Amino acid sequence: MFKYFLASKSPRRKELMNQIGIEFEIMISEREEIITSTVPEEVVKELSLQKALEIERMLLKKCDGNIFDKYTKEGFDGVVIIGADTVVSKDGEIMGKPADEEDSFNMLKKLQGDKHMVSTGVALIVIKGDGKETISYAVDTDVDMYPMSDEEIKEYIATKEPADKAGSYAIQGIGAKFISGINGDYNNVVGLPIGSIYQAIRKL
């Protein structure tokens with residue numbers, strides 16, 4: 001049995017982690033995010049790994065430099081740190097969380113009536129007896145949206161649901177009524193490709 005840490009404050013990711021039935025602790029990275037790529041898949045891989053590495057740094061400080069010893073003494077076989085980050089992109093333009101309502105409007109205006117991609121990066125830092133392993137990958141899902149009038153966009157923004165969502169919408173919320181199709185992992189659009197994460201950790 002491993003000790004799991006989720007490097008995210010997202011309630012959606014917390015719900016998805018709960019679905020696979022493992023106990024985990026939330027730790028939040030406050031480090032500044034640094035992006036060196038313009039490719040959506042590479043951006044989310046960078047950001048998710050930065051989050052996981054920051055939690056590892058915080059744990060090293062907490063554990064006097066030896067995470068493995070600390071948690072094996074508590075009965076665990078090792079530690080798994082899970083970092084994740086999600087962006088929406090259309091025609092190569094990356095859309096994260098909106099800065100304000102105008103930003104939300106502009107994002108949704110571009111997405112409505114067309115196809116876009118949701119990319120989530122996952123980083124797993126696995127610390128066990130034979131050392132440390134880092135697993136990093138990205139999952140892409142194509143999403144189609146129905147056409148939205150300017151009034152519908154404004155009404156949706158007024159619900160406040162888009163405020164903290166990449167691309168300014170939530171497929172699992174009110175925004176579902178604007179989704180006409182999805183090709184790929186639904187949970188990836190929610191914020192975490194939990195199936196692929198489960199498959200990775202069950203092999204540890």
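This is a predicted model: local features need pLDDT of at least 70, side-chain atom pairs count only at pLDDT 80 or more; totals for chains, interfaces and linings use all residues.

Biologist: How many residues of strand 1 are buried?

Modeller: Six of its six residues are buried, where buried means under 20% relative accessible area, exposed over 50% and partly exposed in between, with a 1.4 Å probe and protein chains only. Strands here are DSSP runs of E of at least two residues, and helices are runs of H or I of at least four, numbered from the N terminus.

Biologist: Which residues are on which side?

Modeller: F2, Y4 and L6 are on one side of strand 1, and K3, F5 and A7 are on the other.

Biologist: What does strand 1 pair with?

Modeller: Strand 1 runs parallel to strand 3, with six bridges joining them, and F5 has I81 as its bridge partner there. Strand 1 also pairs with strand 2 in the parallel sense, over three bridges, with Y4 opposite F24. Two strands count as paired if DSSP finds at least two bridges between them.

Biologist: Moving to helix 4, which residues are buried?

Modeller: In helix 4 (residues 101–111) these are S104, F105, M107, L108 and L111. They line one face of the helix because they fall within an arc of 165 degrees seen down its axis; the arc is that of the directions from the helix axis to the C-beta atoms.

Biologist: And what covers them?

Modeller: The cover includes strand 3, strand 4, strand 5, strand 6 and helix 5.

Biologist: What is at the start of helix 4?

Modeller: A side-chain oxygen of D100 comes to within 3.2 Å of the backbone nitrogen of E102. Just after the helix, G113 has a positive phi of about 70 degrees.

Biologist: Different topic. Is E56 buried or exposed?

Modeller: E56, in helix 2, is buried at 11% relative accessible area. Leaving aside neighbours within four places in sequence, E56 is in contact (heavy atoms within 4.5 Å) with I67, I81, I125, I127 and K132.

Biologist: Where is V39?

Modeller: V39 is in the loop between strand 2 and helix 2. V39 counts as partly exposed because its relative accessibility is 40%.

Conventions. Residues are numbered from 1 along each chain as its sequence is written. Side-chain values use heavy atoms; hydrogens and water are left out. A polar contact is a pair of N or O atoms within 3.5 Å; within protein, one must be able to donate a hydrogen and the other to accept it, and residues adjacent in sequence count only if both atoms are side-chain atoms.
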